[in-house]
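I opened the model to look up strand pairing, helix packing, domains and the chain contact. My entries follow in the order in which I made them.

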Amino acid sequence: MKFTVLQAGRVLFWIHRKTKEGPAEQPCSARNSMRLVRFLAKRLMHAAFVLIGLSILIFLIARVMPGNPARMAMGPRAPQWAIEKLEKQMYLDRPLPIQYFYWFKSAISGDFGDSLVTKRSVSEDIIEYFPASLELAIYAAVFMGIAGVVLGTVSGWFANTWIDNLVRVIAYIGIVTPSFVFAIFFVLIFSYWLELFPTIGRLSSGIDGPPVITGMVTLDALITGNPAAFWDGLKHIFLPAVSLAMGPMAQEARITRSSLADNAGKDFIAAERACGIPERTIMFKYLLKPSLIPTISIYGLDFASLMGNAFLIELIFNWPGLSRYGMNAILQKDLNAVIAAIMVFGVVFVIVNIAIDLAVERLDPRIRFRTGG
Amino acid sequence: MKVLLKALGGIVVFTLAFSCIAQAADRPLRTTWAWPTYIDPAVGSDNSSTNALGNMYDTLVVPDKTGAPQPHLATSWNVSKDGKAWTFKLRRDVKFHNGDPLTSSDVKFSMDRMLTIGEGFAHLFSGKVDAVEAPDTSTVIFKLKDPFGPFLSTLFRLYVVNQKQVMANVITPGPYGDKGDFGKKWLVSHTAASGPYKLKEFKVEERLVMSLNTDYWQTLDPLVPDEYTMLGTTEAITVRTLMSRGELEVADRWQSNESLNALSRIKGVGLAKINGPGQFYAMIHTKKPPTDDIHFRKAMAYAMDYDTVTTHLFPGTTQAKGPIPRMMPGFDDSVFQYRRDLDKARAELEKSRYYSALDKNPVVIHWIAEVPDEEKVALLFMSNMAEIGINVDVVKVPWMSVVEETAAMDTSPHIVTIFDEAHYPEAAALLQSRYASPSANTWEQNEWLLDSTYDTMLEEALKTMDRESRFKQYAELQHYIVEQCPTLFMFDVMSRHAYRSDIMDWPAARGEVPPVQGYELLGRYIKIRK
């Protein structure tokens with residue numbers, strides 16, 4: 001059953017109406033829930049407008065790029081009649097607003113058209129490639145989160161010592177070095193010289209892949225109880241994920257460290273010290289939590305960026321992800337695929353942004369109170 | 001600490017338990033390619049697609065080392081006196097991979113499907129084949145609109161699909177009327193083939209794995225690869241790592257000089273130089289000032305430093321001699337070859353009507369942005385022309401824009417540098433696509449020759465059924481073209497591959513390769529010794 005954008009709009013409207021019609025007096029937990037629903041409804045409505053705007057922008061950009069997509073798709077020696085037939089099929093012979101109308105009409109029912117490069121439906125491509133990129137981004141995010149916060153905390157804990165300086169140097173290197181450079185280094189060291197990790201793909205050719213449930217190999221392997229595929233998938237994803245995470249990880253470390261240093265000088269920490277609370281408790285109970293708020297804000301954005309920025313990593317490791325698919329689509333002027341891939345990344349950004357707002361609100365009571373909670 | 005040790009122990013046991021599960025093939029052949037690869041015979045026509053198709057599908061005839069057609073699915077054939085009807089007798093013992101027998105109706109279906117879809121190699125048959133008849137299960141007749149001498153050679157590109165299997169997977173409605181989508185969606189990731197390799201796994205953006213068809217109708221050498229993998233990557237570091245780990249047998253043709261040098265230093269890895277059926281051309285616009293002047297063009301042809309191109313920019317290549325590559329059947333060795341001679345260049349330039357106004361007539365050369373090495377050639381050209389007083393503007397242009405701009409005479413640049421290859425092994429393939437008037441609005445002919453004498457000569461040659469007489473006419477055409485000097489014939493295409501020479505017997509590496517794109521890496525001709 002397809003859940004279309006139209007249906008989603010109806011649900012949002014219903015939520016909006018319900019929240020306005022709410023009872024006059026409610027218990028505190030109910031008030032919190034209603035506030036949350038109102039907040040979500042508002043954000044989702046904003047998101048719908050953002051995504052429609054994005055689709056118009058991308059559609060126009062894709063259409064004005066030089067080159068005839070029909071000729072590109074049919075091959076340079078294709079006869080003119082075949083090219084004209086495809087142009088007609090794709091409404092390329094119609095004005096841009098009409099083209100957009102047809103595209104939007106199909107897109108809201110989940111049909112993004114056919115890819116001119118893979119010759120399959122774009123939806124089919126996305127279903128295949130998106131989980132691969134998502135899996136890569138999740139592993140990278142886990143590494144980025146753990147390593148970034150740990151390094152930042154250590155750096156902040158030992159502020160202005162040689163440990164702090166060392167972590168700062170590492171962080172600077174991480175920030176200024178493009179992820180593909182890390183990828184090349186890691187391949188050279190861990191695949192070429194040490195032969196510890198495989199170089200390409202998601203699974204070795206001799207391994208039977210798990211049946212597709214989520215499309216994420218390691219997760220599907222776990223669900224179906226296939227430890228061989230899980231282990232093999234884990235080995236395949238390790239280097240690309242770490243390469244991808246290095247830059248954002250360094251960023252997280254820097255932000256955590258500077259936030260810790262800022263908060264450490266505040267009065268409430270001095271008061272806690274004066275009360276004789278142990279340093280370890282101050283650090284982990286009172287200092288780290290508020291210091292993580294900027295880290296989490298950036299973490300969310302970094303997570304969404306990981307997927308879009310993974311192009312070169314996916315290329316080097318021959319990882320069949322959406323980022324590489326999207327970039328190839330741009331290079332080959334694969335109109336439908338370009339728009340769909342960018343829309344998917346747009347949706348990921350929107351969802352992650354909402355999730356960050358919710359997380360930050362939970363962590364920071366000031367924001368909660370400001371929004372009436 | 002104990003918990004940590006237990007966890008580590010667990011990981012070690014887990015690793016040991018599952019690290020040996022991967023079952024490698026006995027004689028794998030793993031190769032890297034520029035992607036995408038299309039395995040639908042009516043769609044694929046690029047290098048990787050023709051390799052995949054050639055491994056999994058059968059054709060009526062196959063080329064020998066010289067490019068001459070030899071029986072394959074067809075046991076014999078004859079052509080009518082007027083050259084318009086070709087009758088083929090088919091083998092009766094051929095079965096598709098699913099067990100269905102291959103019959104003449106499958107051949108008819110394959111041609112009809114290709115012509116209807118209009119993609120891939122359809123241009124070879126479109127406008128030439130009038131009808132296909134299958135009077136009995138082992139006879140197929142192609143009726144042509146006009147006599148076409150090289151028809152047999154074009155049949156190297158007619159891959160026979162299983163009609164029953166394809167039609168069972170048709171999606172209706174589709175763009176092809178009652179045929180729905182003609183099985184296009186299904187054939188993106190499936191095959192309906194009878195060839196020596198079967199499709200085992202196809203990850204559209206990642207890899208294609210084929211396993212040996214043990215029931216193949218033809219006897220294959222016991223040492224042919226039992227599993228053939230095409231990997232969709234050309235990344236230098238990835239290729240080098242795979243090769244050094246023994247996980248790759250043949251590297252793609254797109255590796256740079258530096259990468260090839262590094263690869264060839266790996267133990268057991270050799271370098272194969274394979275001549276291809278194409279050439280690198282600098283196509284000169286013959287209808288746009290100042291390159292519309294033949295003396296101006298000849299001056300450029302004499303001023304160009306071909307030796308630097310073939311020794312430094314594209315090392316190992318050979319300067320081309322006329323418009324046809326040396327390996328192509330129908331090439332004429334007696335054709336004139338321009339060599340760098342600045343005195344002759346200046347003398348020709350003086351005869352040009354633009355000689356007195358060279359400053360006002362700069363030449364614009366476009367090179368393809370996706371092939372960075374072309375820039376070096378364009379810059380060398382600029383430097384060479386400066387020596388005789390011709391001003392050159394070098395412009396980097398994306399491939400798609402070149403396709404667009406060469407579609408009209410006004411927008412075509414003075415010169416564009418392009419690699420072009422023949423799609424069937426006869427000189428006519430290039431003589432037609434490069435210089436005949438109907439191709440003047442395509443990227444294959446920036447020259448805009450539009451020469452009716454040439455067109456008539458070519459038409460006559462194509463109608464000649466006798467191969468030897470036809471080749472003589474090709475020779476005349478080559479002389480005619482060189483005399484017009486519409487092109488700087490840079491070098492014959494040569495692809496270089498790093499390969500595992502210690503375990504592979506690869507005829508193409510010894511120079512034994514049919515002059516047909518995609519035939520150099522067919523598994524059936526390769527032996528793996530382990």
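The model is predicted: I took local features only at pLDDT of at least 70 and side-chain atom pairs only at pLDDT 80 or more, while totals for chains, interfaces and linings use all residues. Residues are numbered from 1 along each chain as its sequence is written, and chains are lettered from A and ligands numbered from 1 in the order in which they are written.

**Strands**

I noted that strand E11 (residues 269–284) and strand E14 (residues 415–421) of chain B pair in the antiparallel sense, over seven bridges. Pairing here requires that DSSP finds at least two bridges between two strands. Strands (E, at least two residues) and helices (H or I, at least four) are DSSP runs, numbered from the N terminus.

Which strands of chain B make up the open sheet, and in what order? I read the order E13-E12-E14-E11-E15, five strands with mixed pairing. Strand E13 (392–397) and strand E15 (487–500) of chain B are the edge strands, each pairing on one side only. Neighbouring strands of this sheet are turned by 30° against each other on average, direction ignored.

**Helices of chain B**

I then checked H7(B) against helix H8 (residues 257–264) of chain B: their axes come within 10 Å and cross at roughly 10°. Axes are lines fitted to C-alpha atoms, for helices over the stretch in contact, and angles run from 0 to 180 degrees between N-to-C directions. H7(B) and H8(B) are therefore roughly parallel to each other, a label for angles under 35 degrees.

H7(B) contributes B:Ala236, B:Arg240 and B:Met243 to this contact, and H8(B) contributes B:Ser259, B:Ala262 and B:Leu263. Contact means that the C-beta atoms of two residues, placed from the backbone, lie within 7 Å. By class I recorded four nonpolar, one polar and one charged. Ala, Val, Leu, Ile, Met, Phe, Trp, Tyr, Cys and Pro count as nonpolar, Asp, Glu, Lys and Arg as charged, and the others, Gly among them, as polar.

Is helix H2 (residues 47–56) of chain B mostly covered or mostly exposed? I found it mostly covered, with 10 of its 10 residues buried. A residue is buried if 20 or more other C-beta atoms, placed from the backbone, lie within 10 Å of its own. The buried residues of H2(B) pack against strand E8 (197–203), strand E9 (207–212) and strand E10 (227–231) of chain B.

**Domains**

Domain bounds come from an automatic or database domain assignment. For chain B it gives domain 1 (57–184), domain 2 (215–274 + 497–528) and domain 3 (275–493). The C-alpha centres of domain 1 and domain 3 of chain B lie 34 Å apart, and their contact takes 16 residues from domain 1 and 11 residues from domain 3.

Chain A has domain 1 (5–107) and domain 2 (122–370). I found 13 residues of domain 1 of chain A in contact with 11 residues of domain 2 of chain A. H2(A) gives the most to the domain 1 side, with nine residues. That side has 10 nonpolar, two polar and one charged residues.

**Chain contact**

Last, I looked up the contact between the chains, which takes 42 residues from chain B and 42 residues from chain A. On the chain B side, H7(B) gives the most, with five residues. The residues of this side divide into 18 nonpolar, 14 polar and 10 charged.

Note on methods:
A residue is buried if 20 or more other C-beta atoms lie within 10 Å of its own, exposed if 12 or fewer, and partly exposed in between; C-beta atoms are placed from the backbone. Angles under 35 degrees count as roughly parallel, over 145 as roughly antiparallel, 65 to 115 as roughly perpendicular and the rest as oblique.
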